[in-house]
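Come along while I look things up.

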Amino acid sequence: MARILVINPNTTASMTETIGEAARSVAAATTEIVATNPEDGPVSIENHYDEAMSAAAMLQVVRQGEADGYDAFVIACFGDPGLTAAREVASGPVIGIAEAAMHAASFIATKFSVVTTLSRTCVIAEHLVRNYGMEHFCAGIRACDVPVLELENEESGAYQLIRDECLRAIAEDGAGAIVLGCGGMADLTLKLQADIGIPVIDGVTAAVKFAEALVDLGLKTSKHGDLDYPGPKKYTGAFSQYAPGKN
Ligand code: 5HY
């Protein structure tokens, strides 16, 4: 029995709903999935500033989840914001959806392409590809230039734009698999896969299965070295409530 807290770091509850449904669609019968988002922060994460500001609020959700005894955590934003810091405050595994999707893709294809939302976020994916040692698997990082919240708007034509970018990734990058570059795309995976005919991976479902596997293996985040809990420290002003060592 694993209890997994799936955190959408933006504050749009409808997107958290979509992410929660995708997570539950693949979770084992014995796994409890709770999907949530911070109250405070950006309604969508589409640049470095949004990422930085969302991370602080997301970390407080992880700390509360740790106090509530969750076995594992999923950070359901493709930038994996605050992932390493979250591993400091959690005892159980913490999985970022970008990290999970890229690793899953590397198990089933020698080349994958990422299809994300806005062009300006491609560099964030590039940095993660390098951080995760995925350079020789990643054949391309592409944007469909659909704002994150437009993914939920049927009239936006988002699905068609994403599908066309996937087909270009196959034709031009030689991609053998597609990694979806946004938590808000988790409900498109199976339809896209049927449409384009190659494996399509969304990080939410991949992360849930990796989290379950690590919990089943009895593996927890190492507290030896840099991922040990942050020691107590005074924080000032509005951030005094976030001071480490308070919970
Ligand atoms: C995400 N933003 O997964 C990222 C996607 C992106 O609010 N959820 C967001 O475009 O970087």
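My entries below go from the domains to the ligand and its contacts.

**Ground rules.** I am working with a predicted model, in which local features need pLDDT of at least 70, side-chain atom pairs count only at pLDDT 80 or more, and totals for chains, interfaces and linings use all residues. Residues are numbered from 1 along each chain as its sequence is written, and side-chain values use heavy atoms, with hydrogens and water left out.

**Domains.** I looked up the domain assignment (automatic or from a database) and found domain 1 (3-97 + 205-242) and domain 2 (98-203). Their C-alpha centres lie 22 Å apart. Their contact (heavy atoms within 4.5 Å) takes 26 residues from domain 1 and 32 residues from domain 2.

**Ligand shell.** Next I listed what surrounds the ligand (a heavy atom within 4 Å): N10, S44, I45, C77, F78, T116, T117, T121, V148, G181, C182 and G183. I sorted the shell into five nonpolar, seven polar and no charged residues, with Gly counted as polar and Cys as nonpolar.

**Polar contacts.** I then checked N or O pairs within 3.5 Å. An oxygen atom of the ligand lies 2.4 Å from a polar side-chain atom of T117. For N10, a polar side-chain atom lies 3.0 Å from a ligand oxygen atom. F78 uses a backbone N or O atom, 2.9 Å from an oxygen atom of the ligand.

**Cover.** On its own the ligand has 300 Å² of accessible area, and the protein covers 97% of that (Shrake-Rupley method, 1.4 Å probe).

How values were computed: Polar contact = N/O pair within 3.5 Å; in protein donor to acceptor, adjacent residues only side chain to side chain.
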